[in-house]
Amino acid sequence: MSMLITIKNMLGSPVMSLQTGQPLARIDRPIINPHNLKIVAFYVSGSMVDFTPAVLFSEDIREFGDMGAIVDSSDNILSPEGMVRLGEVISYGFVLDGISVIDEQKHKLGRVENYTLNPDDFMIQQLYLKPTLMKSLSVAHLTVSRDQIIAIDNQKITVRTPTVKEKVAKKVKVVESPDAVPFENPFRKPKPAAESIERD
């Protein structure tokens with residue numbers, strides 16, 4: 001299994017061409033499909049990119065390491081214009097950074113300040129929260145796994161309330177069992193076609 005990487009480690013990183021060994025652009029911000037919490041593409045920019053906006057599909061990143069994001073060539077940097085499925089995800093306006101996180105009892109847990117993703121499929125795996133003032137008196141950081149998420153909209157993420165046993169065992173990091181409630185998202189039901197993002 002690949003090591004998870006944080007979004008903060010990716011942002012600002014160079015996009016490197018395997019063909020020439022030269023930097024093509026830098027990663028600016030992710031485009032996230034809220035149906036499945038997958039980063040489908042990144043906005044990129046740089047002196048070698050002569051159009052804006054410009055995007056790089058996550059599936060075109062061969063690997064991500066110390067040098068940055070490795071792609072085949074400059075042909076992988078595209079304009080999103082005319083890409084219907086990608087345009088639909090962009091139209092959601094979903095931004096994960098800074099979004100509020102609450103539990104089932106509507107208790108505010110904090111806001112997302114970082115998150116990890118699997119570089120093999122770019123699925124977001126864990127959210128790192130900056131706790132609310134009350135929560136921060138007992139913990140410095142909170143970690144939520146994707147299996148704990150039960151609903152998402154543009155204003156908030158709702159997560160399952162950890163049991164008393166889980167709270168005692170893991171004051172900071174909540175780790176759910178393999179039989180956790182399946183990830184469900186209200187965005188998914190009306191537009192199942194947006195599950196898969198492909199070039200048009």
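**Exercise 1. In which strand is the place of V40?** Then say whether V40 is buried or exposed.

*Solution.* Start with the ground rules. This is a predicted model, where local features need pLDDT of at least 70, side-chain atom pairs count only at pLDDT 80 or more, and totals for chains, interfaces and linings use all residues. Residues are numbered from 1 along each chain as its sequence is written, and side-chain values use heavy atoms, with hydrogens and water left out.

Step 1. V40 sits in strand β4. Helices (H or I, at least four residues) and strands (E, at least two) are DSSP runs, numbered from the N terminus.

Step 2. Learn the burial scale. Buried means under 20% relative accessible area, exposed means over 50%, and partly exposed lies in between (1.4 Å probe, protein chains only).

Step 3. Apply it. V40 has 6% relative accessibility, so it counts as buried.

Step 4. Look across to S58. It is 18 residues from V40 along the chain, yet their C-alpha atoms are separated by 5.5 Å.

**Exercise 2. Find the order of the strands in the open sheet of seven strands.**

*Solution.* Step 1. Strands of a sheet pair through backbone hydrogen bonds, either parallel or antiparallel. Here two strands pair if DSSP finds at least two bridges between them.

Step 1. Read off the order: β6-β7-β2-β3-β4-β5-β8. The pairing is mixed.

Step 2. Find the edges. Strands β6 (63-65) and β8 each pair on one side only.

Step 3. Check a parallel pair. Strand β2 (residues 14-17) and strand β7 (residues 68-71) run parallel, joined by three bridges. V15 stands opposite A69 in β7.

**Exercise 3. Trace the bridge partners of V55.** Then decide which residues of β5 are buried.

*Solution.* Step 1. Take the β4 side. Strand β4 (residues 38-45) and β5 run antiparallel, with four bridges between them. Y43 has V55 as its bridge partner in β5.

Step 1. Take the β8 side. Two bridges join β5 to strand β8 (residues 77-78), again antiparallel. V55 has L78 as its bridge partner in β8.

Step 2. Look at the faces of β5 (residues 54-57). A54 and L56 lie on one side, V55 and F57 on the other. All four are buried, and both faces are covered.

**Exercise 4. Which face of helix α2 do its buried residues line?**

*Solution.* Step 1. List the buried residues of α2 (residues 84-92): L86, V89 and Y92.

Step 1. Look down the axis. These residues fall within an arc of 110°, so they line one face of the helix. The arc is that of the directions from the helix axis to the C-beta atoms.

Step 2. Use the helix rule. An α-helix has 3.6 residues a turn, so residues three or four places apart point the same way.

Step 3. Turn to the other face. Away from the buried side, α2 carries the exposed residues V84 and S91.

Step 4. Find the cover. What covers the buried residues includes β3 (23-33), β4 and β5. Just after the helix, G93 takes a positive phi of about 65°.

**Exercise 5. Which residues form the aromatic pair, and how are their rings arranged?**

*Solution.* Step 1. State the rule. Rings of Phe, Tyr and Trp (its six-membered ring) pair if their centres lie within 6.5 Å; planes under 30 degrees apart count as stacked, over 60 as edge-to-face and the rest as tilted.

Step 1. Count. The rule gives one aromatic pair.

Step 2. Name it. F42 and F122 lie 6.0 Å centre to centre, with 75° between the planes, and are edge-to-face.

Step 3. F42 is in strand β4, and F122 is in the loop between β10 (108-117) and β11 (124-131), 80 residues apart.

Step 4. Check burial. F42 has a relative accessible area of 0% and is buried. F122, at 3%, is also buried.

**Exercise 6. Which residues of the largest nonpolar core touch the most other members?**

*Solution.* Step 1. Define the core. It is a set of buried Ala, Val, Leu, Ile, Met, Phe, Trp, Tyr and Cys residues joined through side-chain atoms within 4.5 Å.

Step 1. Pick out the residues. Among 39 members, M10, I39, F42, L96, Y115, L127 and I157 touch the most others.

Conventions: Contact = heavy atoms within 4.5 Å.
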